[in-house]
Amino acid sequence: MNKLTKSELEETRRQLESLSDNQLGHEIYDDRHEFEPAPGQEDVHAEAEVYRRLSTMLIKPSIRRHRLMVCAAVAAVALIVVLMAGSAYLYNRYNDIESLSTNVFTAATDRATVNLPDGSTIELNGNSSVSYTLSGFNSDTRRVEFNGEGYFDIVKDRTSEFIIESYGLEVTVHGTSFNLSVREEDGYA
């Protein structure tokens, strides 16, 4: 039985490491068919077992690498889907919040102070109501719907109109204080 010296073993190792998996597989296959056993070592089963083990060792890393790449791709796609779904959810939730209406009503004997998003206030008298949405307070306008009687103290803003809507009537100001009485049953403002 032949033995390799340490330097021959190192040289063989360097040569094997320089080959790609496919090249190494072809070399083993070619060498296997060229192999002629020494007299008394004609065990074909042993040769087939060596070939099977070497092939398995060479194929496993490439299969693992392929599986890893597939898993990474699937994870990346799943992450993108989750991020898109989360973004859509948050976008819709934000739009829902902006479109929610705040409504304040007072009974006949009640009074209420309403603090608006821009810092303006409305003192509602009895049987009065005011409604507004966050989207109604933007850079161009500040808008409320009003019915009843109330004292308005509007924060001054020359770039953003404050609009009070009531039964087809619109009162537009930029910043002032005033009392307003608008009731459908009275027929006047």
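Trainee: What should I know before I start?

Mentor: The model is predicted, so local features need pLDDT of at least 70 and side-chain atom pairs count only at pLDDT 80 or more, while totals for chains, interfaces and linings use all residues. Residues are numbered from 1 along each chain as its sequence is written, and side-chain values use heavy atoms, leaving out hydrogens and water.

Trainee: How many helices and strands does the protein chain have?

Mentor: Helices (H or I, at least four residues) and strands (E, at least two) are DSSP runs, numbered from the N terminus. Here there are three helices and eight strands.

Trainee: How many salt bridges are there?

Mentor: Side chains of opposite charge can pair when their charged atoms come close. The rule asks for a side-chain nitrogen of Lys or Arg within 4 Å of a carboxyl oxygen of Asp or Glu. The count comes to three. In one of them, aspartate 118 pairs with arginine 142, with the closest N and O atoms 2.7 Å apart. Aspartate 118 sits in the loop between β2 and β3, and arginine 142 in strand β5, 24 residues apart.

Trainee: Is arginine 142 buried or exposed?

Mentor: Buried means under 20% relative accessible area, exposed over 50%, and partly exposed in between (1.4 Å probe, protein chains only). Arginine 142 has 3%, so it is buried, whereas aspartate 118, at 22%, is partly exposed.

Trainee: Which residues form a network of salt bridges?

Mentor: Arg143, Glu165 and Glu170 do. Arginine 143 meets glutamate 165 at 2.4 Å, N to O, and glutamate 170 at 3.6 Å.
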